[in-house]
Amino acid sequence: MLPIIALMLALALDLSAQRRVTPVVPLEPGTAPKKEKKEDFDRSRLVEKSDAQGNIILVDTVSGKEFVDSTLMKAPPKMEYPLLHEVIVGLNFWDGAMRVFGQKYGLADVWGEVSLHNRYFPYFAFGMGNCNDTPAGKNYTFKTPAAPYFKIGASYNFLYNSNPDYKLQMGLRYGFTTYKWNLEDVTVDEGYWGDPSHFSLMNQKHTAGYLEVTLGLKVQIIKQFSLGWHIVYHSILHETTNPNGQPMYIPGYGKRSSAITGNFSLIYTIPLSKKPTPIPDTL
């Protein structure tokens with residue numbers, strides 16, 4: 001009689017232990033976890049590993065199948081800042097500063113961003129550009145009167161749950177401009193016995209659209225004022241075809257011969273809301 005009672009107690013304890021095991025759901029390779037019928041598995045056969053998102057995956061050492069324990073799923077990062085967090089305006093005077101070092105083109109632009117959760121930043125810019133350049137060793141002068149350009153895009157802040165006074169951002173922007181350009185005092189050498197001749201191409205109309213990929217930093221300097229630096233890779237997407245050749249300068253883009261440029265901005269931040277202040281524990 002005692003052996004039978006002992007056997008029944010052992011079975012009851014074993015079933016109780018199995019009921020306390022956290023249910024897991026089979027995870028097919030390459031698929032997301034799905035809600036399926038809950039079953040009990042012997043955890044003594046399972047080992048843990050982490051996937052690319054940091055979730056705990058259980059692997060059956062006998063069958064090699066993978067399972068996911070929904071109770072161990074890693075929660076998505078919490079947004080520390082509200083949806084409408086800040087409005088940010090800036091003056092980009094990179095081209096103006098470069099003129100001090102001999103650059104012959106570009107003026108400036110003003111731009112604005114809206115901070116969404118301090119993570120996503122829709123972007124818009126309006127600027128003016130011009131050019132008056134006689135390249136060294138060339139036989140012409142290229143001129144563009146002051147012309148407008150526009151940019152629209154967005155950027156992503158990798159430090160979105162950190163202090164918003166400091167940002168590390170990557171952005172994608174589309175720029176567009178329509179303008180006129182002149183090619184003046186083009187000198188054509190007629191050879192040894194002839195005199196050089198001169199001609200000009202005036203009021204050539206041009207339209208261009210281009211793509212920018214940016215990577216930059218924003219750093220607070222005093223109160224609501226900050227400085228921002230960006231490295232910009234850009235590429236022309238579309239432009240007017242001209243039988244006389246393509247212009248060497250595009251407002252907002254720069255010289256077509258350069259794929260890399262930069263931005264340097266003075267920034268002013270208008271707060272829309274503040275990060276909630278934790279309520280201190282009371283005794």
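Q: Which strands each supply at least two residues of the lining of the largest cavity?
A: Start with the general idea: rolling a probe the size of a water molecule over the atoms shows where empty space is left. On a 1 Å grid over the protein atoms alone, a cavity is a set of points where a 1.4 Å probe fits but cannot get out, while a pocket is an open set with protein on both sides within 12 Å along at least five of seven lines; lining residues have an atom within 4 Å of a point. Here, β5 (84-92), β6, β9 (166-188), β11 and β14 each give at least two residues to the lining of the largest cavity. Strands (E, at least two residues) and helices (H or I, at least four) are DSSP runs, numbered from the N terminus.
This is a predicted model, where local features need pLDDT of at least 70 and side-chain atom pairs count only at pLDDT 80 or more, though totals for chains, interfaces and linings use all residues. Residues are numbered from 1 along each chain as its sequence is written, and side-chain values use heavy atoms, with hydrogens and water left out.

Q: How many residues line the largest cavity, and how much space lies in it?
A: Its lining has 17 residues, and Trp111, Tyr123, Arg173, His230 and Ser265 are the ones nearest its centre. The space comes to about 150 Å³; grid points are joined across faces, edges and corners, and a volume is the space filled by probe spheres set on the points. The count of cavities of 30 Å³ or more is 1.

Q: How is the whole chain built?
A: Its secondary structure comes to 2 helices and 14 strands. Of its 283 residues, 32% count as buried (buried means under 20% relative accessible area, exposed over 50%, partly exposed in between, with a 1.4 Å probe and protein chains only). Among contacts (heavy atoms within 4.5 Å) between residues at least 6 apart in sequence, 60% join residues at least 24 apart.

Q: Which residues is Asn92 in contact with?
A: Beyond neighbours within four places in sequence, Asn92 touches Ala108, Asp109, Trp111, Asn263, Phe264 and Ser265. Asn92 is in strand β5 and is buried, because its relative accessibility is 7%. A polar atom of its side chain lies 3.1 Å from the backbone nitrogen of Phe264.

Q: What about Gly112: where does it lie?
A: Look in strand β6. Gly112 is partly exposed, because its relative accessible area is 22%. Leaving out neighbours within four places in sequence, Gly112 is in contact with Ile88, Val89, Pro122, Tyr123 and Phe124.

Q: Why would anyone check phi?
A: Most residues other than glycine have a negative phi. His117 has a positive one, near 60 degrees, and so does Asn118, at about 60 degrees. His117 sits in the loop between β6 and β7 (120-133), and Asn118 is in the loop between β6 and β7 too.

Q: Are those two buried or partly exposed?
A: His117 is partly exposed, because its relative accessible area is 22%. Asn118 counts as buried, because its relative accessibility is 0%.

Q: Where is pLDDT below 50?
A: Read pLDDT as the predictor's confidence in each residue, from 0 to 100. The chain averages 82, and 72% of the residues score at least 70. Over residues 15-25 pLDDT is below 50, and this stretch has 21 contacts in the model beyond near neighbours in sequence. Residues 34-38 also stay under 50, with 4 contacts beyond four places in sequence.

Conventions. A polar contact is a pair of N or O atoms within 3.5 Å; within protein, one must be able to donate a hydrogen and the other to accept it, and residues adjacent in sequence count only if both atoms are side-chain atoms.
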